[in-house]
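Reader: I would like to learn how to read strands, helices and pockets in a model of this kind. Could we take them one after another, with the general idea before the case?

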Amino acid sequence: MFNILNGGVHANWQGTDFQEFMIAPVGAGNFAEALRWGAEVYHTLKKVLKDVGHSTGVGDEGGFAPALKRNAEAVEVILKAIEGAGYRPGEDIVIALDPASSGFYEDGLYNLRTEGRKVDAAEMVAIYADWVAKYPIAVLEDGLAEDDWAGWKILNQALGDKIELVGDDLFVTNVERIARGIAEGVANAVLIKLNQIGSLTETVAAVHLAYSANWGAMVSHRSGETVDSFIADLTVALGTGHLKTGAPCRGERVEKYNQLLRIEEALGASAVYAGRGAFVRGG
């Protein structure tokens, strides 16, 4: 999962309200090819942004952080970059979103600064539903705030059979919160952060609980990262199929991709690239 465009707090609120716009090269034949596709789209996006006068500085996780005027504009420039790199949106490469909506949740409403309005959970879900109908979106992470359990239930009822709905702030890799999410039917996948829960034992338990409910599990880096590549090994060992680890930019992000390349090379013919199969829905 290549985080190629940043907004929200990762871009000091200079652009979109939504924090992360990612791509997943689901049509690639192997990981090495997927990495090349992601890098090509990333560098094409730089050109697309530069051509219209946007800054190409990067945010916390290596994605570009332009001062876009609309949330949807981020998806639109990424689609241009995918096509500009010679790939087919929805066929070769799909989009994943992490709005990190807890960051713009205020007094029970979602404050969309770029659009000059505040909306409730049902209205926020309607926005996502419109985007899913218009754009090749396969994953939505943290679509609603971390304690908006009622809103998450509305979200899952609307989109849970269409795309992968991932809880990060909602679940914090904690088996008790994940178990509540399963019981209440609020999502269909969980983000897995080893240092969020604090131990490998608890992390593995969180993944196994997700699997027991036929949920997806997506291993993830953190915004403050080191060059340690263990989470790449963890992703393969647990068979989660997808790893979220930033843009193909800067050593602390690239090292995870390099480790996956080494693992694929070591496995040889037995290596399997998950592609669309990584997602419980919508891939």
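Author: Two strands pair if DSSP finds at least two bridges between them, and strands (E, at least two residues) and helices (H or I, at least four) are DSSP runs numbered from the N terminus. The model is predicted, with local features needing pLDDT of at least 70 and side-chain atom pairs pLDDT 80 or more, while totals for chains, interfaces and linings use all residues. Residues are numbered from 1 along each chain as its sequence is written, and side-chain values use heavy atoms, with hydrogens and water left out.

Reader: Which residue of β6 is the bridge partner of tyrosine 110?

Author: The partner is valine 119, and β5 and β6 pair in the antiparallel sense over 3 bridges. The open sheet here has 3 strands in the order β4-β5-β6, with antiparallel pairing. β4 (105-106) and β6 (117-119) stand at its edges with a single partner strand each, so one side of each is left without a neighbour in the sheet.

Reader: How should I read the two faces of a strand, and which residues of β10 point each way?

Author: In a regular strand the side chains alternate between the two faces of the sheet. From β10, Gly216, Met218 and Ser220 point one way and Ala217 and Val219 the other, and all are buried, where buried means under 20% relative accessible area with a 1.4 Å probe and protein chains only. Strand β9 (residues 189-192) runs parallel to β10 and is joined to it by 4 bridges, with valine 190 opposite alanine 217. β10 also pairs in the parallel sense with β11 (residues 243-244) over 2 bridges, and there serine 220 stands opposite lysine 244.

Reader: Why should helix α2 span 20 Å?

Author: The expected span of a helix is 1.5 Å times one less than its number of residues. Helix α2 (residues 71-84) has 14 residues and should therefore span 20 Å, which agrees with the 21 Å between its end C-alpha atoms. Of those 14 residues, 10 are buried, and what covers them includes β1 (2-6), α1 (31-51) and α3 (121-134), contact meaning heavy atoms within 4.5 Å. Glycine 86, with a positive phi near 95°, follows α2.

Reader: Which element gives the largest share of the lining of the largest pocket?

Author: The largest share, 5 residues, comes from α9. A pocket is an open set of points on a 1 Å grid over the protein atoms alone, where a 1.4 Å probe fits, with protein on both sides within 12 Å along at least five of seven lines, and lining residues have an atom within 4 Å of a point. The lining of the largest pocket has 26 residues, and those nearest its centre include Phe31 and Tyr273.

Notes:
Buried < 20%, exposed > 50% of the residue type's maximum accessible area, 1.4 Å probe, protein only.
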